[in-house]
Amino acid sequence: MLLTACQLAVAETVICSENQFACNGNCIDEKLKCNGILDCLDGSDETFKACYNTTCDQKDLYRCGYGGCLDVKLKCNGIPECWDKSDENKFECANDTQIDDLFTALQRGCGPEYALRCDGKTCLKWSQICNGDRDCKDGTDESLEICAYGACPPNSFRCENGACINRKRFCNREIDCADGSDEIPDLCSKAVVITKKTDDVHKLKDDGKIKPSEIWSPSGCALKPVAGMHVADYFSDFSYRPDAVLPLKSVVSMTCDKDYEIYGTSIKKCDNYEWSSDFKCLRVCKQSSVERNIRFTTQCIQNMDLTDCKQNTLLFNTTILVNCAPGFQPAITASQLGRHVCNETGLWFTEEANPKCEAICGVKSIHHPGITPWTVSIFKRISTNEDSYDFKCSGTILSPYVVLTAEKCVVEHFGGNDIHTHFSVAEGNHNVSYRQLEEHGYNLHNISNIHIVSHHGTEKVALLTLVKPFKFGAKVRPICLDTSSTFNGQTVESRGDFSQYKKGQTLTVIKNGEYTLTHLVVNNQLSYDIKGFVIPIADDIAKSELIP
């Protein structure tokens, strides 16, 4: 449920009567508190803080580990009803035979006078179990599963993990429960008030108010709940509650959920009533899909400093600025930068839409007049056992991933699922054979797919899809392709003398300073009008640029 700003303002000022329980924003009948049902919108009526001092009717009700009272008929029914699952505790639900087996398993070879072996060597007696002190390094002797079983003796305080301590040790400013639940500030400030002058313990005044100078201050370091954070003892991996108060000299290890990242060091020490450094789990966003779009170049800024956009995750409040990559230009002259911010939910929020970037096509560089930047050379491996490649055909760049060539360049070898692995594409116009391990100087591209497309099922061309895209610039760029015109002829064939061209080379016309593709040379006497293949070519180009 979402609350509006107005509703939140009302929630902060709500006042409950004496027979009501104050939730965070609303009031419920006091009788509904700790009844095993979440009656408060925020669930605060069914927490250890609210229910730690609850007494349940043993005949009709079962007391959950956190203190809530549950219909005893629901206990051990195979379905956890208590939010801490204590009603399905295997010790609580075991019959006489099963409980003996469970206790024997805890002993692990220790004598009958002992209750538990905790580390393969140390044997503990029942008097050492669930007494608030961790004797096992991993905290097994103070675990909720064991401690929630059975009742505490009279004049005891039950810790949140189920352990029992003397009532007088509750809120005495010393950590007695292994999980620190006997010194939770919210509980202790309601139970007692410590005055700074005398440090005497006084009961709350009738009005229930605590002066700022009388706020409870336990002896140790308090944890403050942080979203995504988990804290455990550095030496034993015993997990602490998020708002626990730990003894002086405690050393803890902090971890964060997978959608968060630790800020600073993960190891903290409680010294002089303060932690050595702050506990912070910062929300992170996964690498933006914009980063994998070949049409864009990005710049990432975090706290006014540049950061690497290619990281798997980026911190909360990181901003990505998006512009057209080299070799591309905005479709609209006045196109602005794209702008996205990593928000508190771990998602990228778009403040400014990305520019629409189109490849610069059909333009020769004045600095490299002898280079036709859309021309590539297709080489074929001599045999499966050789690393030598011979020139096969010419090809033409249509997009960052797609190359056009004649069907005959690959069709005679076409037939296996791995045929594309026998070919490679070299940027530029080359015809000298090469070996993979020699210094040939070619910029090579592997092929992921070969697609033969046809016009009326007879005239065919080959479209090669690359594994990695071309990086466009002055020496490498695509030819322009007119996808707006349609082909109405019966055949795409044009016969003539094409002996001056290489197989797979294309013919172009120049308009307004841009070269546009018109025909593909199939052999010395034949070329195809490219208009007959525009639709399947456009489909292959679109599929090749889909962002994974």
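**Figure 1. The largest pocket of the predicted model and its lining**. Of the 22 residues that line the largest pocket, Gln58, Arg63, Ala151, Cys152 and Arg158 lie nearest its centre. A pocket is an open set of points on a 1 Å grid over the protein atoms alone, with a 1.4 Å probe fitting at the points and protein on both sides within 12 Å along at least five of seven lines; lining residues have an atom within 4 Å of a point. The space in this pocket amounts to about 670 Å³, a volume being the space filled by probe spheres set on the points, which are joined across faces, edges and corners. β3 (61–63) and β7 (156–158) each contribute at least two residues to the lining. Strands (E, at least two residues) and helices (H or I, at least four) are DSSP runs, numbered from the N terminus. The lining comprises 10 nonpolar, eight polar and four charged residues. Here Ala, Val, Leu, Ile, Met, Phe, Trp, Tyr, Cys and Pro count as nonpolar, Asp, Glu, Lys and Arg as charged, and the others, Gly among them, as polar. The model is predicted: local features need pLDDT of at least 70, side-chain atom pairs count only at pLDDT 80 or more, and totals for chains, interfaces and linings use all residues. Residues are numbered from 1 along each chain as its sequence is written, and side-chain values use heavy atoms, with hydrogens and water left out.

**Figure 2. The second largest pocket**. The volume of the second largest pocket is about 520 Å³. Its lining consists of 20 residues, and Asn293, Ile294, Phe296, Lys310 and Lys471 are the closest to its centre. Strand β20 (residues 296–302) provides the largest share of this lining, three residues. By class, the lining of the second largest pocket holds 10 nonpolar, five polar and five charged residues.

**Figure 3. Strand β29 and its partner strands**. Seven of the 10 residues of β29 (residues 388–397) are buried, so this strand is largely enclosed by the rest of the structure. Buried means under 20% relative accessible area, with a 1.4 Å probe and protein chains only. β29 pairs with strand β28 (residues 375–381) in the antiparallel sense over seven bridges; two strands pair if DSSP finds at least two bridges between them. Thr375 has Thr396 of β29 as its bridge partner, and six residues separate β28 from β29 in the hairpin that they form. Thr396 also stands opposite Leu404 in β30. β29 and β30 (residues 402–406) pair in the antiparallel sense over two bridges and form a hairpin with four residues between them. Two bridges join β29 to strand β32 (residues 434–435), again antiparallel, with Ser388 bridged to Arg435 in β32.

**Figure 4. An open sheet of five strands**. The strands follow the order β13-β12-β15-β17-β18, with antiparallel pairing. β13 (239–240) and β18 (274–275) stand at the edges with a single partner strand each, so one side of each is left without a neighbour in the sheet. Within the sheet, β15 (residues 251–256) and β17 (residues 267–271) pair over three antiparallel bridges, and Ser253 stands opposite Ile267 in β17.

Conventions: Buried means under 20% relative accessible area, exposed over 50%, partly exposed in between (1.4 Å probe, protein chains only).
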